[in-house]
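The following note sets out comments on the structure shown below.

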Amino acid sequence: MSIGSLFVVLVGLMVFFVRHQSKVPYYRLTQGQCVRLLRKALQGNLPEHEWHAFIGMSMRDSEALENLREECIFIDEYHVKGTQLVAGRLCMIFDKPGRQKLERLLDEWQHTSDYLA
């Protein structure tokens, strides 16, 4: 095989992998979705997987969302009492100070427009 054909094959493989590489999933939450998540947390029916998915994903495109996520990480670290079974799903339980922090966040997010605009 000549050097030229080897070069063409390598360039072809490189183009193929660049065009077909798997991309990291991109999630974009809305203000309404954040309000629903906070409401579910306060009502005691927020599934554990939803909570962990939210606090586990970084929000590079929105400083407001990233700040909310960081506050929820703090709540998760210091104010989670555990989980309870609700309608066959494990849901998060927060202590009283955690619920107060969630109420404050909910109040901020449902009464402020254009958080994510």
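1. Confidence. In this predicted model, helix α1 (residues 3-20) has the lowest confidence in the chain, with a mean pLDDT of 78. The highest value belongs to strand β2 (residues 89-94), at 96. Over the chain the average pLDDT is 86, and 88% of the residues score at least 70.

2. Packing of α3 against α4. Helix α3 (residues 48-56) packs with helix α4 (residues 63-79) at an angle of about 125°, and their axes are 9 Å apart. The two helices are therefore oblique to each other. The crossing in which α3 passes α4 is left-handed. On the α3 side the contact involves W51, H52, F54, I55 and G56, which meet L68, R69, C72, I73 and D76 of α4. Sorted by class, the residues of this contact are six nonpolar, two polar and two charged.

3. Packing of α4 against α5. Helix α5 (residues 96-111) packs with α4 at an angle of about 165°, with the axes 9 Å apart. Because angles over 145 degrees count as roughly antiparallel, α4 is roughly antiparallel to α5. This crossing, too, is left-handed. From α4, the residues A64, L65, L68, E71, C72, F74, I75 and H79 take part, and they meet P97, G98, K101, L102, R104, L105 and W109 of α5. The class count for the contact of α4 with α5 is ten nonpolar, two polar and three charged residues.

4. Aromatic pairs. How many aromatic pairs does the structure hold? There are two. One of them joins W51 and F94, whose ring centres are 5.1 Å apart. Their planes lie at 70°, so this pair is edge-to-face, given that angles over 60 degrees count as such. The pair links distant parts of the chain, since W51 belongs to helix α3 and F94 to strand β2, 43 residues apart.

5. Surroundings of D76. D76 lies in helix α4. Which residues does D76 contact, leaving aside its neighbours within four places in sequence? They are W51, H52, I55 and M92. As for I93, D76 is 17 residues from it in sequence, and their C-alpha atoms are 9.9 Å apart in space.

Methods: Residues numbered from 1 in each chain as written. Predicted model: local features only at pLDDT ≥ 70, side-chain atom pairs only at ≥ 80, totals over all residues. Heavy atoms only, no water. pLDDT = per-residue confidence, 0-100. Helix = DSSP H or I, 4+ residues; strand = E, 2+ residues; numbered from the N terminus. Axes fitted to C-alpha atoms, helices over the stretch in contact; angles between N-to-C directions. Parallel < 35°, antiparallel > 145°, perpendicular 65-115°, else oblique. Left-handed = near helix turned anticlockwise from the far one by under 90°. Contact = heavy atoms within 4.5 Å. Nonpolar A, V, L, I, M, F, W, Y, C, P; charged D, E, K, R; others polar. Phe/Tyr/Trp six-rings, centres within 6.5 Å; stacked < 30°, edge-to-face > 60°.
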